[in-house]
Amino acid sequence: MKDFRRYLVLKYIQYLVLSSSNAISTLLGVLGSGYVMLILQSSRVSSKSTAVFISSLAKADLLVFVSAVAELFLWTSSAAIPHTAFTPALLQNLLMANTHISALLLSCVAVEAYLITFLPMESRSLRTVKNAGLTSRAIWLLVAAECALLQVDDVLKASSTFPSCSPGVWLLHLSSGAAALLRALSYLLGIILRIVNVYIYYKIFFSVSNRSAVRTK
């Protein structure tokens with residue numbers, strides 16, 4: 001559990017404290033995810049909802065790994081393979097998907113910690129492995145749909161050679177509007193998640209501190 005706590009602290013700093021991930025934090029995050037995935041294979045780790053969220057969080061860094069490997073491959077074979085608008089947009093969307101999935105899963109862990117601290121008995125029926133698995137899959141599906149829409153918009157913008165009155169122009173305007181709205185909502189949700197996470201751990205910290213103070217009296 002100590003390793004899991006260190007890993008979660010690293011991930012909170014990477015996705016919910018830093019305004020944007022840098023190379024060092026990303027590398028540490030990927031290495032930490034690899035280590036956690038190895039730990040989760042151990043029979044000593046009990047199957048709990050928190051472990052499900054942490055497992056899904058570690059798997060999200062596979063997107064970073066795939067993006068880095070693909071970018072390295074494209075860089076080494078730039079002369080042999082022509083660049084298209086699809087590839088750089090896809091690599092960027094993979095990194096964005098990693099950020100959004102990680103932020104949402106970290107928020108799920110925070111909510112679960114809040115429920116364990118303040119509503120342990122009342123929330124027991126909610127804090128199940130099944131519900132954690134369903135929530136994790138729902139997050140992955142929603143972010144995948146977001147990336148698909150942004151990918152279509154990026155490709156349409158890069159290849160916008162439609163006649164002025166063709167249906168393609170309307171499709172381009174529609175996808176651009178939807179993508180702009182989605183980016184605005186994602187930005188707003190990111191701010192809300194930061195505030196909610198700070199509030200939750202603020203409440204938990206002072207609750208634990210007060211309990212410790214009462215016990216020492």
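**Salt bridges, core and surface of the predicted model**

The structure holds four salt bridges, a salt bridge being a side-chain nitrogen of Lys or Arg within 4 Å of a carboxyl oxygen of Asp or Glu. The model is a predicted one, in which local features need pLDDT of at least 70 and side-chain atom pairs count only at pLDDT 80 or more, whereas totals for chains, interfaces and linings use all residues. Residues are numbered from 1 along each chain as its sequence is written, and side-chain values use heavy atoms, with hydrogens and water left out.

In helix 1 (residues 2-17), where helices are DSSP runs of H or I with at least four residues, numbered from the N terminus, the side chains of Arg6 and Asp3 form a salt bridge with an N to O distance of 3.0 Å. These two residues are three positions apart, about one turn of the helix. Arg6 is exposed, with a relative accessible area of 53%, while Asp3 is partly exposed at 31%; here buried means under 20% relative accessible area, exposed over 50%, and partly exposed in between (1.4 Å probe, protein chains only). Beyond its neighbours within four places in sequence, Asp3 is in contact (heavy atoms within 4.5 Å) with Tyr35 and Ile39.

A second salt bridge joins Lys11 to Asp61, with the closest N and O atoms 2.5 Å apart. This pair links distant parts of the chain, since Lys11 lies in helix 1 and Asp61 in helix 3, 50 residues apart, and both residues are buried.

Arg183 and Asp154 also meet through their side chains in a salt bridge (3.5 Å, N to O). Arg183 belongs to helix 6 and Asp154 to helix 5, so the pair ties together parts that are 29 residues apart in sequence. Arg183 is partly exposed at 37% relative accessibility, as is Asp154 at 21%, and a network of salt bridges links Asp153, Asp154 and Arg183.

The largest nonpolar core has 38 residues, and those with the most contacts inside it are Leu8, Tyr12, Val36, Ile101 and Leu106; such a core is a set of buried Ala, Val, Leu, Ile, Met, Phe, Trp, Tyr and Cys residues joined through side-chain atoms within 4.5 Å. Helix 1, helix 2 (23-40), helix 3 (49-76), helix 4 (86-118), helix 5 (129-158) and helix 6 each supply at least two residues of this core, and helix 4 gives the most, with eleven residues. Leaving out residues up to four places away in sequence, Val36 touches Phe4, Tyr7, Ile54 and Ala58.
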